[in-house]
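Thank you all for coming.

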Amino acid sequence: MDVVINGEHKNVSSGTLLELLKELELDPRAVVVEHNRKIVRRAGLDGVTVNAGDAIELVHFVGGG
Amino acid sequence: MQETPSNSFISLAEGDTITTAVETIRDEPLTIGGRTFQSRLMVGTGKYPDMESMVRAIEASGAEVVTVAVRRVNLDRAKENSVLHYLDPKHVFLLANTAGCYTAEDAVRYARLAREAGFNDFVKLEVIGDEETLLPDVQGLLEATRILVKEGFKVLAYTNEDLVTALRLEDAGCAAVMPLASPIGSGLGLLNPFSVRTIKRRLHVPVIVDAGVGTASDACVTMEQGVDGILMNTAIAAAQDPVTMAHAMRLATIAGRAAFLAGRMPRRDVAMPSSPTKGMLD
């Protein structure tokens, strides 16, 4: 199914957000997930289903001042 | 191999006794939003030539508070991209910023994402109003502050050196107010010592000067105004030798603080001899 991750269309097969992170080879402890503009807590990642057309932001800390 | 001057300089510093202002002079540690810090110097993590010099520079600076930015994960190489791959959050206090945000709404969104990373509820709030000067949008800043304070954030607000804005930010519940020395990344030093002093005199929350420092003397002069601390990034990261500059900044921050506490002599327009005028030969 087609979702938008960090502004880019991606074809993913995952059922939940936790599975999506696994599919993208991302450590759930190292990223913060925003799903359709709503922050999803780490503990809740396996309870949120990914649907076609969803907008997902995956962020982390980078160097800054 | 011969040791480089910068290395010997740094190793000299490791053994000395002036690691913090608190150890050598009668000073209180810096407390912001209930957290106490020994170092009055805070540093950023951006713009370093490489991650190794960033890590070594932070160490040399003696800073405990280290700022980071919230950005999208690069899906191809997420690990290398993350600053946490190089910094241990057990050893530094991560202060997330909202750099790059131009509206209160965006800044609030970034702050919430940062808090969700799970380290603390502090945020260095930036709401930028102008792309060229990166000067703050004070209206957006106040709006975002009110929202974030209500949500339990400890807000450290980056602002200009305007007293009335600083007072409003304090009223809005900021844990610290961060007036600029000069525009972000400009290296112009403290352009308006009078205004920064006035802000410090009138506010009750800590005043941390953020942005604009170019070299060690700038940091020293800034601390001499009596402010509680100083935050810098480019002055260290863009120096020819960031590690040695970080060391210089650490000393300058301590020196400026000590000079402030010592209380400087009054300025005079005429000379006054330091040696006795009596007892001169005929």
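Chain B has an average pLDDT of 91, with 90% of the residues scoring at least 70, where pLDDT is the predictor's confidence in each residue, on a scale from 0 to 100. Residues 1-15 of chain B, however, have a pLDDT below 50, and this stretch makes 12 contacts in the model beyond near neighbours in sequence, a contact being heavy atoms within 4.5 Å.

This is a predicted model, in which local features need pLDDT of at least 70 and side-chain atom pairs count only at pLDDT 80 or more, while totals for chains, interfaces and linings use all residues. Residues are numbered from 1 along each chain as its sequence is written, chains are lettered from A and ligands numbered from 1 in the order in which they are written, and side-chain values use heavy atoms, with hydrogens and water left out.

Let me turn to where the two chains meet. The contact draws 30 residues from chain B and 22 residues from chain A, and together the chains bury about 2400 Å², 59% of it on carbon and sulfur atoms; buried area here is the accessible area (1.4 Å probe) that two parts lose on being put together, summed over both. Of the area that chain B buries against chain A, 29% comes from B:R72, B:L75 and B:E116, which is more than any other three residues supply.

There are three salt bridges between chain B and chain A, each defined as a side-chain nitrogen of Lys or Arg within 4 Å of a carboxyl oxygen of Asp or Glu. A:E34 forms a salt bridge with B:R109, and their closest N and O atoms are 2.5 Å apart.

Which residues have the most contacts inside the largest nonpolar core? They are A:F61, B:M232 and B:M249, in a core of 69 residues; such a core is a set of buried Ala, Val, Leu, Ile, Met, Phe, Trp, Tyr and Cys residues joined through side-chain atoms within 4.5 Å, and buried means under 20% relative accessible area (1.4 Å probe, protein chains only). Helix 5 of chain B, residues 104-116, gives the most to this core, with six residues, helices being DSSP runs of H or I with at least four residues, numbered from the N terminus. Leaving aside neighbours within four places in sequence, A:F61 is in contact with residues of chain B including B:V68, B:L84, B:L94 and B:F119.

How values were computed: Buried means under 20% relative accessible area, exposed over 50%, partly exposed in between (1.4 Å probe, protein chains only). Helices (H or I, at least four residues) and strands (E, at least two) are DSSP runs, numbered from the N terminus.
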